[in-house]
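Hello,

Here is the structure you will be working with. Please look it over first, then read my notes below.

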Amino acid sequence: MSTATEQSKVDALVSRAQALYEDVSFESVRRWKGQSECRKAIGFLPIYAPREVIHAAGALPVGILGGGDQLEIVRGDSFFQSYICHLPRSVVEMAVSGRLDAMDGFLFPSICDVIRNLSGMFQMLLAGKYVHYLDLPQNFDSELGGEFYRTELHAIADAVGALTGTRVTDSRLRGSIALYNQNRRAIQELLQLRTEQPWLVPTTEYYLLLRAGYLLPVDQHTALIDEYLQAVPHAGRRPLDNIRVLIRGAFCEQPPLALLRTLERAGCYVVDDDFVLGSRFIPRQLDETGDPWTALVEGFTRHSVSTASKYDEANTKGEDLVSLVRAVRADGVLLMAPSFCDPALLDQPMLQSALDKAGIPFTSFKYSEDTGQFQVIREQAGTFADAIKLWGKA
Amino acid sequence: MTAQAIKDQSQERQKQMLSDYFDSLAHAKENGRKVVYTFVPGNLTELIANFDLLPVLPEINALQNGMRGRTGDFIHAAEKSGHSEDVCTYVKADIGMLKAGNMGPTGQPLPKPDMLLLSYTGCFTFLKWFELLRKEYADCPVVMLHVPYQGDGHVTPQMRKYVADQIRDKVIPALEKLSGRKFDPDKLKRDLKRSSVAEDDLVWVLESARHKPSPIDAYFGGVYYIGPIFTAFRGTQDAVDYYQLLRSEIEERIRLGLGPVTPEGNLGEEKYRIVTEGPPNWTSFREFWRMFYSEGAVVVASTYTKVGGLYDRGFRHDPANPIETLADYCMGCYTNLSLPERINLIESYMNEYQADGLLINSVKSCNSFSAGQLLILREIEKRTGKPGGFIESDLVDPRYFSAANIKNRLESYFQMIEARRGRA
């Protein structure tokens, strides 16, 4: 195997992922549905939706993360005031322009009041389609929030099953959990490689691979990552004198790809982040043998990752962030939130306080999914990286 | 100098009740009273009183500070300490007040919380607000009451069970532990009965706006003296007495054919009947109100006065099912309704109150209200054929109240109503 051969394999895989990323009209979903008349697709908004249930009902779960910087907003802006974040504008644009026509239904997981109200807007704009607000529990007691969540999972299974004509049996759901466990395993390996040898996994490639999982059938996505993991260590990539940073705040509205490229060019290896967080919201393997509903409930209530839209019951988010910074050997933290993002921006003072207390350097800036000017961010990130390289602190 | 406002007896009474309330908070610790911070939507006032605990409502402190011109400095202080300019100004006003010594709106000290009862109802920011406050009050316990959203437009038995179980299994045991008292179900039933009596009178007062002329302003008057008593005093004899007094005053206004009381006396001719959506601006409250009554505009129904409960759609606290009724109350608050249900409610207000139009005051701070309001506006115009108006301001950030712009827009809006009438 030559380095060039492996690099070309990597390039091909990344090109495939990039084409999916640029597919803001969901042509890949239309093609997938076109292979059989009975195929259905269910769109879900950030952050987390139980894709196993959708899959077990015979539908394709499709992540809807907005139009990024690729979509011209023609009508979407007329639905929102200037102080509302950008993601719902592009999502409404997709809806009213017909780009979401391939979806047979939508899940709006509870993140914030904007996404919540967007669910009601979809009920009106796309009347007749299945639109459900997924109220993820903020009470994590298995007898309380767990039981409530179980009823939510069954309600989704029944509704999607009614669309596809496929009943979600325990056996089917166990099979879906097993497939997603493989996907979780592959993603965790990708994360680990990126953390240990970030020069092998540039942030843009890593990001595109994650995003591909929001469009591809799960087995195809797992194969894509596995092939990348096999090829990339032999692609002849060499480390640069970059600092290692951890990013928080980008769990919902996604940064444009050019912004991620800018951060690396400014001298930052991203060794941990919360991009496309739903794809790794439950980082461990779920039980494939017992009651599959319980496996999903416990996965969420006991093992899902901490993020700003989830109640921090244990009151440890600051300490947890500090521990993670040390575990991934990050030199500093970029608090990178979308403008007008309530969860991320309300979280920031608590995270800043914990980082300050621990003496961990950080810097913060805002973006939107269609940010087009990166000079200021490049200077800020570059200065941050230089300061750490020179003095070990920002 | 601002002229002295003209007030009815009920307004004087509510002022005294609020003053006594803040006085009791100022002396809570020396009197051995423990304090529970909680929020207006989904408040469990009768349950907190069951344990002889005092409720503190941070939104009320923020808006009261806003009306007294104190929040600009508080918000500035919070932003200097790392809070984003993009987020809710109630939160920043509260954090800023805390950093300035926690002197409440009346100039008296506010007690530290002994518990943060996080009634997570209809507003995501509540969750972050108490996470932030918990950091400020290091050892203060937080009790989460997750109230599911009516995303599909109704309350399911599973939703009711979830909330009721949390009240039984989490909230009541935590309040028992804090207070050292056992839960008294008989007292709760008695208090809920008093709540329902007051609720009957409150609804009667709100619905009096169906008269022409309306004897009340259901927005400015609604938030000033009709509604505020409800939250902290619900379940008390004081609240029952207050609403009887208020009702008798309104009955007299109807008998005399009077319009609502304003800070400058009784409104003259009622020229425009308006339904409003969204909270008011608090920092220029009186100036904002004057822009309406100086044009003869009366708000006959408002959604904001329903964040504390939708009693006018039939809900009453039910002493026969004390825990389940608290659950239903929490889930029924206006901000917990789906967007289509909000539109249906506004449409019914437009028809029932024979309104001339819908005016939306869109506040920067509150995405729970604001996200989707432009769709609400278009849909109501389409369904009713009545003109919609749209203005923007904020809750308690004085930087976002542009008086000249808002006045211009309102005057244009009223002219538009006039023009439509001319064509009718």
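Across the interface of chain B and chain A, 31 residue pairs are in polar contact, both residues at pLDDT 80 or more; a polar contact is a pair of N or O atoms within 3.5 Å, where within protein one must be able to donate a hydrogen and the other to accept it, and residues adjacent in sequence count only if both atoms are side-chain atoms. The side of chain B that touches chain A has 23 nonpolar, 17 polar and 16 charged residues (Ala, Val, Leu, Ile, Met, Phe, Trp, Tyr, Cys and Pro count as nonpolar, Asp, Glu, Lys and Arg as charged, and the others, Gly among them, as polar).

This is a predicted model, in which local features need pLDDT of at least 70, side-chain atom pairs count only at pLDDT 80 or more, and totals for chains, interfaces and linings use all residues. Residues are numbered from 1 along each chain as its sequence is written, chains are lettered from A and ligands numbered from 1 in the order in which they are written, and side-chain values use heavy atoms, with hydrogens and water left out.

The same interface has six salt bridges (a side-chain nitrogen of Lys or Arg within 4 Å of a carboxyl oxygen of Asp or Glu). One of them joins B:Arg134 to A:Asp312, with the closest N and O atoms 3.8 Å apart.

In contact terms (heavy atoms within 4.5 Å), 56 residues of chain B meet 49 residues of chain A. The two chains bury about 4,500 Å² between them, 58% of it on carbon and sulfur atoms; buried area is the accessible area (1.4 Å probe) that two parts lose on being put together, summed over both. In chain B, the residues that lose the most area to chain A are B:Phe124, B:Tyr149 and B:Asn367, together 14% of what that side buries.

Regards
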